[in-house]
Amino acid sequence: MAIHTTYDVVVIGGGHAGIEAALAASRMGLRACLVTQNLQTIGQMSCNPAIGGLAKGQLVKEIDALGGEMGRLADLATVQFRMLNRSKGPAVWSPRAQCDRVLYAREARKTLESQRNLDLKQNTIIDFETTGGRLSACVAASGQRIECRAAVLCAGTFLNGLLHMGDWQLPGGRIGEAPALGLSEMLMKQGFEVGRLKTGTPPRLDGRTIDYAHCEAQPGDGRIIPFSVRSPKTVTNQLACHLTYTNTNTHDILRAGLHRSPLFSGRITGRGPRYCPSIEDKIVRFADKDRHQIFLEPEGWDTFEVYMNGFSSSLPEDVQFNALRTVPGLEATEMMRPGYAVEYDFFPAHQLHYSLETKVINGLFFAGQINGTTGYEEAAAQGLIAGVNAAQKLNGGNSLTLGRDQAYIGVLIDDLITKTPDEPYRMFTSRAEHRLILRQDNADLRLTEIGRELGLVTDSQFDAYLDKKQKLEQITSLLHETRLTELAKSGLLSDPKLKGSRFAAILKRPEADLQTMFRESPQLGQHSAQNLDDDLLAAVEMDVKYEGYIQRERVRAEQVRRWEEVKLPAGLDLGGVASMSHEAREKLNYYKPKTLGQAGRISGVRPSDTSALLIHLKKLGQL
């Protein structure tokens, strides 16, 4: 006899999207259940053992500001920290933590098991039941029927997953784990459009067999800056990463094996990530390059296993092994695990509302790689939004939709829905047109109050936010209102020509930095008792130095937001829109945007098309 169980929300998948979705729904007062094929692999880092990076670090900070878990888990598991892009402007600074993958997964499962209103079950969901067009139950392969009012599908790379390494093929979502079969076909019968994508992973090496003397050491920053405001600001020991390079001998071996590559033989049909190509793809696309970077990254504190970042491959194991042994420092290395590729089904995100609820099945939400993204951070961000909106739907609240000027998360979801990528989507700072106001250091200022309203931000986190906000305002006011009257003994503030200038104006000089000003100025030094840490001063400095640019960006964002307020009526007949291109009509009829702003961001819709649409709406009296 089948077991009948009832929940408000069922989350399918125990990866980074599923973790955030399950925690969000349960913390918002709903009874939730996370169902995964293997409880032992919850929170597993299938590829790179790192959290954050260029633009991805901003996503993690935003997840934390909203009350999510990824940042806190990364802090607990950090083995090395670096703030990337320090040589560039603060708009693109991005935190990245190399993590202990075992410790991260262990803490993730502990967090889930400790959460009220949340159950964990090991099973495989193969079907959905609907009643009156609305999701009513999830059906497991075991025959178990789990009644629910909403579900979040976070299938990762498991939907009809197929592993590739040379001529070898094996069904699987990742090595050693079975794929999820039948679910894609069921969804297609319901009317969903399905596509195929590919991703890959590199070999793992035995660190004891690496000659690090022939590699460049890549130490972490001297000070770890936590992703989460809930993590203690303590400096911990760090493990070193190392850098080495491929060479022409490496490339010759790889080229000789290309005929055995499933990527070039046609066995892999899915599109791979443009910005994270396999090593065999690199030597073909960048044939003029005689070397490529390889980062050797430790997998954790208690293992010798090393991740070979930059050498993703689906070539046969012997070709991988022979090629990597030509790399300086790896001449005698042993390969603990070969690289491989995985193909999987995804569902183009134009089939979703901005809440991440599907347009086809009421109450069913998609999050993560099922929407065409790649990366833990992109998945976790979607999982958080999907979990929140599933809860909001059942609680009768408004969906959480973040704008492109509010968060990288808003950029991510908007890009997925309006641009429908045909390759795995990866977040970059260049995708965010308002990146100067979406810095990693102000994510809490942008989003904590939203998370608090949702019930996801704890009292202690909110108190820390209020304290930071107050101190930022006090220091900023001090700099704008105080003039330099007492010269310092040395340094910039000893210049008599600056006497009488406001400190804010002095700070805008290229050579000025706030920490030095507080240290050297007798006037500012008296305020050191306010417990001003380096991160706080850095945040103030960015706001003051770039306040003119920031204000200009806010004005531009407000102008763009007005287009978001122009609603497009359902069933709008575009045939009567004068001078609109045929492509624009096709795209708008296909994607059915809800606002003029969304319409303008769809690929193929020109500014002249949106102008024509705006004129048409005015003629209809709908503006």
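Which helices each supply at least two residues of the lining of the second largest pocket? I started my notebook with that one, keeping in mind that this is a predicted model.

**Entry 1: the pocket**

I found that helix H11 (408-419), helix H18 (547-564) and helix H19 (582-591) each supply at least two residues of this lining. The second largest pocket holds about 1200 Å³ of space. I counted 45 residues in its lining, and Tyr354, Pro593, Lys594, Thr595 and Gln598 are the ones that lie nearest the centre. Sorted by class, the lining has 18 nonpolar, 14 polar and 13 charged residues.

**Entry 2: a sheet**

Next I looked up an open sheet of 3 strands, which run in the order S4-S6-S5 with antiparallel pairing. Its edge strands are S4 (50-52) and S5 (78-84), and each pairs on one side only. Ignoring direction, neighbouring strands here are turned by 20° against each other on average. I then followed S4 to strand S6 (residues 94-99), where the two pair in the antiparallel sense over 3 bridges. Alanine 50 has glutamine 98 in S6 as its bridge partner.

**Entry 3: aromatic rings**

I noted 5 aromatic pairs in the structure. One of them joins phenylalanine 192 and phenylalanine 366, a tilted pair at 5.4 Å centre to centre with 35° between the planes. These two residues sit 174 residues apart, with phenylalanine 192 in the loop between helix H5 (183-189) and strand S14 (195-201) and phenylalanine 366 in strand S22 (residues 364-366). Both phenylalanine 192 and phenylalanine 366 are buried.

Why is the pair of phenylalanine 347 and phenylalanine 366 tilted? Their ring centres are 5.6 Å apart and their planes are at 50°, so the pair counts as tilted. Phenylalanine 347 and phenylalanine 366 are both buried as well.

Note on methods. Residues are numbered from 1 along each chain as its sequence is written. This is a predicted model: local features need pLDDT of at least 70, side-chain atom pairs count only at pLDDT 80 or more; totals for chains, interfaces and linings use all residues. Side-chain values use heavy atoms; hydrogens and water are left out. Two strands pair if DSSP finds at least two bridges between them. Helices (H or I, at least four residues) and strands (E, at least two) are DSSP runs, numbered from the N terminus. Axes are lines fitted to C-alpha atoms, for helices over the stretch in contact, and angles run from 0 to 180 degrees between N-to-C directions. On a 1 Å grid over the protein atoms alone, a cavity is a set of points where a 1.4 Å probe fits but cannot get out, and a pocket is an open set with protein on both sides within 12 Å along at least five of seven lines; lining residues have an atom within 4 Å of a point. Grid points are joined across faces, edges and corners, and a volume is the space filled by probe spheres set on the points. Ala, Val, Leu, Ile, Met, Phe, Trp, Tyr, Cys and Pro count as nonpolar, Asp, Glu, Lys and Arg as charged, and the others, Gly among them, as polar. Rings of Phe, Tyr and Trp (its six-membered ring) pair if their centres lie within 6.5 Å; planes under 30 degrees apart count as stacked, over 60 as edge-to-face and the rest as tilted. Buried means under 20% relative accessible area, exposed over 50%, partly exposed in between (1.4 Å probe, protein chains only).
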